[in-house]
Amino acid sequence: MYNFVKRLISIVFTVSVVVALLTLSYRPVTTMRLSPLDPSSYANAHELIIRHVDLDWTVNFDKSTISGTATLHFKLLKQDLTEIFLDVSDINVSSVEAKSSAGEVPLDWDIGGTVENIGSKLTIYLPTKTSGDLTVVITYETSPKASALQWLTPEQTFGKKHPYLFSQCQAIHARSILPCQDTPAVKFTYNATLHHPKDVTGLMSAIKVDSEPGVSKFQQKTPIPSYLLAIVVGALVSKPIGPISAVWAEQEQIEEAAEEFSQTADFIAKAEEICGPYVWERYDLLVMPPSFPFGGMENPCLTFVTPTLLAGDKSLATVVAHEIAHSWTGNLVTNRNFEHFWLNEGFTVFVEGKIVGRLSGNASRDFHALHGLSELSDCIKTQLADTPELTKLVVDLSECGPDDAFSTVPYIKGSTFLRYLEDLLGGPDKFEPFFRAYLNRFKYQSVLTNDFKQMLYEWFREDPKNEVLLERINWDLWLFGEGMPPVIPSYDRTMLEACLAHAALWAENDLDTIRASPLLKQTLVSVQLIEFLAQLLEKKTIVELTAEKIALLGETYGFATTKNAELRFRFVRLYIRARLLGKMDEILAFANSNFRMKFVRPVYKELAGWPQGRPIAIDNYNRVKDQMMTVCAYTVAKDLGISDAA
């Protein structure tokens, strides 16, 4: 009866929080906001917060699980606390204890409130009303299907000799590898002891402080949100690429990776000019297996990058500039919840563009931005065609999880907004000092859009001349308007015009006219070739889009043989556009060569719209879905219009 009453109180509390939040929210009435600070987290982080975590983990390749303990050190924000709410997902908890000078006291707990694709609530009942600081030790084991973890057999690696484990916790998957307050509103430091097979290497998003065969110890002294917790275990080697940087990869890729990412130190130096001192001590890169679902993941001290960046000519290395920028925008100053994801990604793309501009000139910076707008347009027309509400800069996650809302919108629409503000308020000379001051004021904190807005007004109102300019900013339209950005800045279009000319040539003419065109003698660099194909795909009509025309296109520009994944991605989509069933093997070969969501989701989405291609795509998905991370398999299934259990 006692436990029943406690559970009933817990339910009443949750309902009261939801009702209160719905009453106060500026949004329409919605159905699912799990806590006051974060719609996607059960954590009562308004009452207590985790300040430090001690992990003792054992990696069990035979069972595909991690087992051990998480010791959570809490700071209480409310007096006389009786319950702790934590986020979990498919975690098998065996015990919960409060730790004190007198020893460890067992605590009652239960798990409930499961929401699909979100997780569950672990409620810990405190024996007495508690105030001050609190330490809780949780002993548990992850599920073999933990959404944050990808377990690879030796056959799925380059070396073919050892298994491989890696994590991807963003956005809300840390709850599948430890009970935690899985919200970016909370930041904590951590220490970890990692037990793993002796013949492989363990790494984490922290500094390795000690190691011996089979045991690695780590320390992260800078507070991080839960989504930046990361682990990798595999047959890895490293090579230095800068004063504070090394690249990690399997032996078969290490030389290629070191050459591809040789500009890393230059990127860091330019980022420091823009953002201020780098605080994370190390900046290493790890080249991931093909199943990694993102271009990169900004895990502190150890950025994960997709192998699809290994183009052979450094043409895709700006993704590394993006991840480096996250060391400030996202990792140091963090969105408080993922409805404000643009504060992470839009700001990072903005800094990434500035790094490109400092290294390659403002024309390259502007071309970089224009190419982003092409990708945004493509995303809005394909991935988000049926969900226009997710094209807002600030989204409502009351009825969907962050994975459902993930797109290029916060990246490109967000960075475009910042460029608009910079141009409006006096250019880089005026805006960059404010930007550095913003990062300095909110470092180690989690923020909402209004925090940025308020500081912007405080800073620029010091000069009365800016008052009229500030009044011109339509915040509601930028933040809550659907579709493309309401204002496109005056970018230098020199590099873009060449791409548009080539796209028009191939879209509007027959083969004889194309072969005779002097335009074919004009050289385009890799980033322009990518944009040229993007523009071609944007065309509503393409004259005589046949196998012969696509073959000539591939031969003329080298698309058929390129290692550049961005080019191959767009080239195979022309096969889909032309409904070339005979090219299905090539389409699927690309889709199966990597499981980066940026690439596979549009391919599957477009195959789903092709009556003859859809059943083939579904069959292929069912064959390879176990090689995908959970987030990729789940979203691709949605794109195909099937259950991921199909």
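Contact here means heavy atoms within 4.5 Å. The model under analysis is predicted.

Three residues carry a record-derived label. The unreviewed UniProt entry annotates His322, His326 and Glu345 as "binding site". These residues are spread over 24 residues of sequence, yet they cluster in space, with a largest C-alpha distance of 9.0 Å.

Histidine 326 sits in the loop between α4 and β21, the latter spanning 333-335. Its relative accessibility is 0%, so histidine 326 counts as buried. Beyond residues up to four places away in sequence, histidine 326 touches Glu298, Asn331, Leu332, Asn344, Glu345 and Thr348. Glu345, one of these contacts, also belongs to the annotated set.

Histidine 322 lies in helix α4, residues 318-325. Histidine 322 counts as buried because its relative accessibility is 7%, and the cut-off for burial is under 20%. With residues up to four places away in sequence left out, the contacts of histidine 322 are Glu345, Thr348, Val349, Glu352 and Tyr411.

Isoleucine 530 falls within helix α15, which covers residues 526-538. The relative accessible area of isoleucine 530 is 4%, so this residue is buried. Residues touched by isoleucine 530, not counting those up to four places away in sequence, are Leu316, His371, Asn564, Glu566, Leu567 and Arg570. Cysteine 499 is 31 residues from isoleucine 530 in sequence, and their C-alpha atoms are 8.8 Å apart.

The cysteines were examined next. A disulfide requires a pair of cysteine sulfur atoms within 2.5 Å. By this rule the count is zero. Cysteine 379 is in no disulfide, and its nearest cysteine sulfur, in cysteine 400, is 14 Å away. Cysteine 379 counts as buried because its relative accessibility is 6%. For cysteine 632, the closest cysteine sulfur is that of cysteine 379. The separation is 15 Å, so the two sulfurs are too far apart for a bond. Cysteine 632 has a relative accessible area of 0% and is therefore buried.

Definitions and conventions. Residues are numbered from 1 along each chain as its sequence is written. This is a predicted model: local features need pLDDT of at least 70, side-chain atom pairs count only at pLDDT 80 or more; totals for chains, interfaces and linings use all residues. Side-chain values use heavy atoms; hydrogens and water are left out. Helices (H or I, at least four residues) and strands (E, at least two) are DSSP runs, numbered from the N terminus. Buried means under 20% relative accessible area, exposed over 50%, partly exposed in between (1.4 Å probe, protein chains only). UniProt positions are given in the numbering used here, feature names are shortened, and annotations may be inferred rather than shown by experiment.
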